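Me: I would like to go through a structure feature by feature. Please give me the general idea each time, then the case at hand.

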Amino acid sequence: MRGLINVGSHCAVNSVLQCLYVTDDFRITLTRSDDDDDDVVVVDDVDDADCDRASYSTVTSELTSVLRDMDRNTPGMPPCDPNSLVDALIRYSGMTYEVQQDADSVFKCVLNALADDGDPRCKQASDLWTIRKRQSAKCSTCNAECVSHHAANNVIVYIGENEPSKLQDYMDDYSESFRVSDYHCGTCQEETELNVNTDITELPAVLCFTLARGQRCVQRGELMVNASAIDVPEELDCSRMSATSQPTKYELYGMITHTGPYEFGHYAAFVKKMSKWYFVDGDVVKQCPVLPLSYCNLPAHLYMLMYRRI
């Protein structure tokens with residue numbers, strides 16, 4: 001494992017990068033060589049319509065470059081430099097990295113840039129996290145139904161007093177169904193209720209969970225960190241999330257932690273490679289002597305979880 005130079009507020013990028021690196025299918029898909037003729041994008045005298053294309057292509061090339069650099073992990077080598085990738089993400093998304101960015105936003109930005117690239121290989125890498133859903137919205141008076149299909153690349157886990165304290169219990173009770181009152185139906189022209197049911201039609205090869213740790217403090221009028229602990233298992237059964245016949249057992253291999261205030265805290269990662277767990281914080285890489293989940297303070301700082309299908 002190689003660390004990453006942490007310049008300014010790049011800890012969110014570095015933590016996400018370490019999780020992407022140990023996602024073997026992702027890393028191998030992007031870094032395998034096809035004569036490397038598509039890895040470099042040269043921008044010269046392009047018009048505005050071509051600039052967007054160039055920006056996400058540059059994200060792909062810089063991401064591929066840093067992943068390959070991380071693979072060169074001979075002992076004694078200095079940490080990798082992700083600054084070119086950070087610059088590419090700024091050009092693609094318009095985000096500023098002069099202030100702390102949210103790790104979940106960085107993760108989605110990378111996957112979106114790959115999906116926008118147009119290269120089937122990039123789409124394949126991005127789709128590793130794609131959760132496919134079918135949503136049905138039905139009028140409770142006339143049963144008029146509207147069906148739509150959606151996709152997501154993570155599952156939001158809400159934590160707190162009224163939520164399960166164990167991730168497995170949360171998944172067993174998982175539902176995205178809800179009701180909308182005071183709904184005006186365009187078919188029967190009645191003021192009625194709308195029943196919205198969402199079914200997961202396809203679980204991905206890799207499941208990302210993001211813990212909703214931000215909560216609004218009414219008295220102070222700002223976002224605060226919800227430090228509620230959650231019990232995270234090494235293996236997760238997601239069979240109740242989806243009615244598909246796909247394998248639904250997953251194993252934990254990556255965790256991103258957040259410490260400090262909500263808007264400018266610090267991110268670090270625990271990642272599993274070759275059956276060994278490592279703690280990675282910028283250029284610091286340490287092998288964990290025991291399973292990280294046994295660390296007493298970890299459950300209150302977990303922010304993102306990566307599980308892969310087994």
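Me: What should I know about the model before reading it?

Reply: This is a predicted model, in which local features need pLDDT of at least 70, side-chain atom pairs count only at pLDDT 80 or more, and totals for chains, interfaces and linings use all residues. Residues are numbered from 1 along each chain as its sequence is written, and side-chain values use heavy atoms, with hydrogens and water left out.

Me: How many helices and strands does the protein have?

Reply: Helices (H or I, at least four residues) and strands (E, at least two) are DSSP runs, numbered from the N terminus. The protein has seven helices and 14 strands.

Me: What does the radius of gyration say about the protein?

Reply: The radius is taken over C-alpha atoms, and the globule rule is 2.2 Å times the number of residues to the power 0.38. For 310 residues a compact globule would come out near 19 Å, and the protein, at 21 Å, agrees with that. Along the principal axes, the C-alpha atoms fill a box of roughly 70 × 55 × 45 Å.

Me: How much of the protein counts as buried?

Reply: Buried means under 20% relative accessible area, exposed over 50%, and partly exposed in between (1.4 Å probe, protein chains only). Of the 310 residues, 44% count as buried. Areas come from the Shrake-Rupley method with a 1.4 Å probe; for residues, only the protein chains shown count as cover. The protein exposes about 15,600 Å², of which carbon and sulfur atoms supply 46%.

Me: What share of the contacts joins residues 24 or more positions apart?

Reply: Contact means heavy atoms within 4.5 Å. Among contacts in the protein with a separation of 6 or more, 67% come from residues 24 or more positions apart.

Me: At what angle do the axes of helix 4 and helix 5 cross?

Reply: Axes are lines fitted to C-alpha atoms, for helices over the stretch in contact, and angles run from 0 to 180 degrees between N-to-C directions. Under 35 degrees counts as roughly parallel, over 145 as roughly antiparallel, 65 to 115 as roughly perpendicular and the rest as oblique. Helix 4 (residues 83–93) and helix 5 (residues 103–117) have axes that come within 11 Å and cross at roughly 70°. The two helices are therefore roughly perpendicular to each other. L89, Y92 and S93 of helix 4 make the contact with C109, V110, N112, A113 and D116 of helix 5.

Me: Is K273 buried or exposed?

Reply: K273 is buried, at a relative accessible area of 19%. K273 belongs to strand 11 (residues 266–273). Residues up to four places away in sequence aside, K273 touches M1, Y21, V22, N73 and Y278. T23 is 250 residues from K273 in sequence, yet their C-alpha atoms are 8.9 Å apart.

Me: Where is R213, and what does R213 contact?

Reply: R213 sits in the loop between strand 6 (206–212) and strand 7 (214–217). With a relative accessible area of 4%, R213 is buried. Beyond neighbours within four places in sequence, its contacts include I159, M224, Y262, P299 and H301.
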